[in-house]
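Welcome! Please take a moment to look over the sequence and the 3D view, then try each exercise before reading its solution.

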Amino acid sequence: MSHLAQFVSITRRRLLTAGSAFLLAGAVTFTGVNPALSAEDPRNGGDIVFLIDSLGGTWIPNNSAISSFQGHVWGHVTDKLVYVDADGKVSPWLAERWEQNAEATEFTLHLKKGVTFSDGTPLDAAAVVANLDIWYAGRKNEGINPIALFPKTYDRADVIDPQTVKVTFKKPTLGFIPTLGYHGSILISPKTLAQPATQQADLAKTSGSGPYVVESWKEGDHVTLVKRKDYNWGPPAVGHTGPAYLDRITYKIVSEPSLRVSAVQSSQADVAYNASPQELKSLKDEGFTVATPRYLGFVNGWAINTKLEPYNDVKVRQALQAAINRQEIIDTVYTPDWKLATSFIQSNVPGATDQSALLAYDPAKAEKLLDEAGWVKGADGVRAKNGKPLTLTLHSNPYLATAKAIDELIAQQLGKIGWKVDIRAFDVVTFTDRVKYGGPTVPAYEVTRSFIDAGTIASILTNANNGENWFNLDDSDKTLNELRDKIAGAASTDVRNPLLNELQKYVLEQGYFIPRTQIVQRIYVQSPTLKGEVYNGVAYASYYTAYKSE
Amino acid sequence: MNRSYLDYAAKRIGQAVIVILLSYVFTFIVVSVLPGDPITNVLRDPQNGFSEQEIQQIIAAQGLDRPVLVQLWASLSQFLSGDLGLSMRSNRPVSTLIAEVLPSTLVLATSGLAVAIVLALVIGYGTQFLPRRYGQGLLRGFPSLFLSVPNFVIGLVLIHIFGFQLGLFRVINADSFWATFFAAVALGIPVSAQIAEVLIANLDHEARQDYAAVARGRGISQSRLFFRHLLKPSALPVVTVVALTVGELLGGSLITETVYGRTGIGSLVQRSVTTQDLPVIQAVVSLAAVAFVVVNLLADLVYPLLDPRVKLIGTVKPRPATGDDAFDDRVEGIPS
């Protein structure tokens, strides 16, 4: 009985606290909040617990840095050469400044002095060269993968002096500097990098230069980080460069989503990762901080296999583009925190342009296009041509919890204009094995992919230069090939941005990519007493600037 | 210890080794024919952005493109030399991974078994002595009820009531006493059902025997009648059931550990199966086979101690490592 009374009183107190915090918070938005603008001074001390669905597989830095789960830990244990904020703005971090030649094939990085890894090794030019080399090549026979999105045009890096590195590329690589802020580009001590893969897999033996170091970890259970007291080289863009405020951060695995949220509600933890979108409104109403930052990257949508009938017909692809009611997806599956797609890249990516007109819901236009393409509605409401029904097989992306719900809604929308939609849901293992871009049974591949620099797009359009060939076009579309080469070879954003605009328009007009919504792949529910966190360009929460208020 | 017993023990150990080797090979083949493995799963994660050509290069560099039989031979040779290999998922030694999680599972499984036995005894006692008007019939329905409620449901209900509402434990501290206790309750309840069913049936049988009527006629207490006279003969089949629940406890620990956020063999298996981490799956299956065989051997050894009428026959027939009919082959004098 006394426990029950205590619970009731805690709930009431929590509600009062939450209510006052809500009033105080006022119009503060949580995405990309600048801690320098917070009304109260950050307080030193305190521990937080972050509940997460998983902490991934291996801890080999190259193989785990971009994991949606492990990336949280790496973001606190390591630093990067440049900082990229939620709007894609690049600013200095451990590279205080840089220069590039007119062709964007040579870059000179000037490093901050006095930076050390937690094992005492200086973070100097030699350390940066060791990192660049392993990002590019990995050590494949040992099981250390390269960082896939690191520019494949990399030639070499040379130490000019202890604080200066010269990086040379075989071809113009405008995306190099932003890529240094990508979550794969974490700086690790050369001593760790020299270790074999089995040693690198032990997180406790890995040294970074970040504001926290690993205090303890247990696979499948938790990682506890403790503040590094001599840290003094944070990114100026976040308004703080000294040691972190919080003493300790524990990432604890709780795989059941409702338990993660309940634990935050009952003050047993401070942050719950990946809550269900349907819960967010009520949690906000209870006074909890809800953050839905968007990463820089592609929107959630389909890359269409243009070799597969009937999607080899541009009119069918254009009909598909017009037949999807994207607003209804947000209204039904998501909350207003999600944004309509305005292109096939997220609207916060520098170089993204507003192509909303091409994505308008227009069922009449879709029906007309299908009529013109010879797909005639039958008595059962399904369109057919030469005796074959108009079908679309969807493979719900297991990396996005809401993918199947969206597929089901779209199936209804397409059904109204005569499309027969089959939905197949696989687990991650089966999905990665069977569902591939341009696969013979995959007319539409559902994309979830972040990137830092829009130049990445050039590597997905066709199969040239080891490209991913998302639309199975190979090199058959001359316009696309031309745009790809011009974007890849652009030496300045002034040259590249108009090309990117042209590309976005062309890809959407041709129905090569069918956007659904802008993607939010990381959802945070946070105690109102935890403040000052920052979300970077890949939507990871950094608690380097965070503190606990009274 | 007579010769026939030693022969019997040697044959049983030999059978156990064969079972373990066969389970190793069988697991390898089953997992190998399934699509994917942890390395290619990571490489094919769309977030990574590897092209198909790059993926094939990395797979070849790690020897994953070799024929299955070649890989099986390499794996089996390593296993026979006592090396469990490296986890494909985490790149850490499998022996380290198991050593990290085994204590937690042993604590949970032992506590779950203790809860199950105590609960079964309480139910058994109640079915014999609780007056009908106080729900004796209801007690007899408990085993069916316990069996029909999945243990993750029991686990979640216990967490919500005792963890979140009454604050007895924190979900983030899964190894605390109360968290372990309620995890053991969630694990033990379905297991208790199987034990209680067998116990009730045998108690009912023993209670109808003449010696029980005589004991009652002498006016001994209920507790003395239960513990001194009825329980001992009724416990014999229960030992078999308890031994067979090892599999149930291991399987149940998978779900319970996941729900309670505990790290243990169950959660290790869950992670390994979902990512098809073959070396870990093989090691755990072999370990489970060893555990199952050892527990069943122990159960056989306990039998003669519980009932002196049970003794080994001179000629021992081979028996399968597990199975309800095993006793008929090697013991006589089982109470009807």
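The exercises below go through a predicted model step by step.

**Exercise 1. Getting to know chain B**

Solution: 
- Step 1: Consider the contacts between residues at least 6 apart in the sequence of chain B. Among these, 72% join residues at least 24 apart.

**Exercise 2. A nonpolar patch**

Task: Which residues make the nonpolar surface patch of about 470 Å²?

Solution: 
- Step 1: Name the members. The patch is made by F26(B), I29(B), V30(B), V33(B) and L34(B).
- Step 2: V30(B) sits in helix α1 of chain B, which covers residues 3-33.
- Step 3: Check how open it is. V30(B) has a relative accessibility of 35%, so it counts as partly exposed.
- Step 4: Recall a general point about helices. An α-helix has 3.6 residues a turn, so residues three or four places apart point the same way.

**Exercise 3. Where the chains meet**

Task: Describe the interface of chain B and chain A by its residues, its area and its salt bridges.

Solution: 
- Step 1: Count the residues. Chain B brings 48 residues to the contact, and chain A brings 53.
- Step 2: Give the area. The size of an interface is often given as the accessible area lost when the parts come together. Here, about 4,500 Å² is buried between chain B and chain A, with 54% of it given by carbon and sulfur atoms.
- Step 3: Count the polar links. There are 2 salt bridges between the two chains, and 9 residue pairs are in polar contact across the interface, counting pairs with both residues at pLDDT 80 or more.
- Step 4: Find the elements on the chain B side.
- Step 5: Zoom in on one bridge. E219(A) and R92(B) meet through their side chains in a salt bridge, at 2.9 Å from N to O. Both belong to a salt-bridge network that also links R89(B) and E100(B).

**Exercise 4. Salt bridges compared by place**

Task: The structure holds 35 salt bridges over all chains. Where in chain A do D47(A) and R248(A) lie, and where do E372(A) and K368(A) lie?

Solution: 
- Step 1: Take D47(A) and R248(A). Their closest N and O atoms are 3.7 Å apart. D47(A) lies in strand β1 (residues 47-52) and R248(A) in strand β10 (residues 248-253), so the bridge ties together parts 201 residues apart in sequence.
- Step 2: Take E372(A) and K368(A). Their salt bridge has its closest N and O atoms 3.1 Å apart. Both residues lie in helix α12 (residues 363-372) of chain A, 4 residues apart, or about one turn of the helix.
- Step 3: E372(A) is partly exposed at 41%, while K368(A) counts as exposed at 53%.

**Exercise 5. Around helix α10 of chain A**

Task: Is N305(A) buried or exposed, and why does helix α10 of chain A count as largely enclosed?

Solution: 
- Step 1: Locate N305(A). This residue is in the loop between β13 (300-304) and α10 of chain A.
- Step 2: Read its accessibility. With a relative accessible area of 1%, N305(A) is buried.
- Step 3: See what surrounds it. Beyond its neighbours within four places in sequence, N305(A) has contacts that include Y311(A), V442(A) and F471(A). A polar atom of its side chain lies 3.3 Å from the backbone oxygen of G438(A).
- Step 4: Move to the helix start. There, a side-chain oxygen of D313(A) comes within 2.9 Å of the backbone nitrogen of K315(A).
- Step 5: Judge the helix. In α10 (residues 314-323), 7 of the 10 residues are buried, so the rest of the structure largely encloses it. Among the buried residues are V316(A), R317(A) and L320(A).

Conventions
Residues are numbered from 1 along each chain as its sequence is written. Chains are lettered from A and ligands numbered from 1 in the order in which they are written. This is a predicted model: local features need pLDDT of at least 70, side-chain atom pairs count only at pLDDT 80 or more; totals for chains, interfaces and linings use all residues. Side-chain values use heavy atoms; hydrogens and water are left out. Patches are made of residues with over 30% relative accessible area and no salt bridge: like charges are joined within 9 Å, nonpolar side chains (Val, Leu, Ile, Met, Phe, Trp, Tyr) within 5 Å. Accessible areas come from the Shrake-Rupley method with a 1.4 Å probe; for residues, only the protein chains shown count as cover. A salt bridge is a side-chain nitrogen of Lys or Arg within 4 Å of a carboxyl oxygen of Asp or Glu. Helices (H or I, at least four residues) and strands (E, at least two) are DSSP runs, numbered from the N terminus. Buried means under 20% relative accessible area, exposed over 50%, partly exposed in between (1.4 Å probe, protein chains only). A polar contact is a pair of N or O atoms within 3.5 Å; within protein, one must be able to donate a hydrogen and the other to accept it, and residues adjacent in sequence count only if both atoms are side-chain atoms. Contact means heavy atoms within 4.5 Å. Buried area is the accessible area (1.4 Å probe) that two parts lose on being put together, summed over both.
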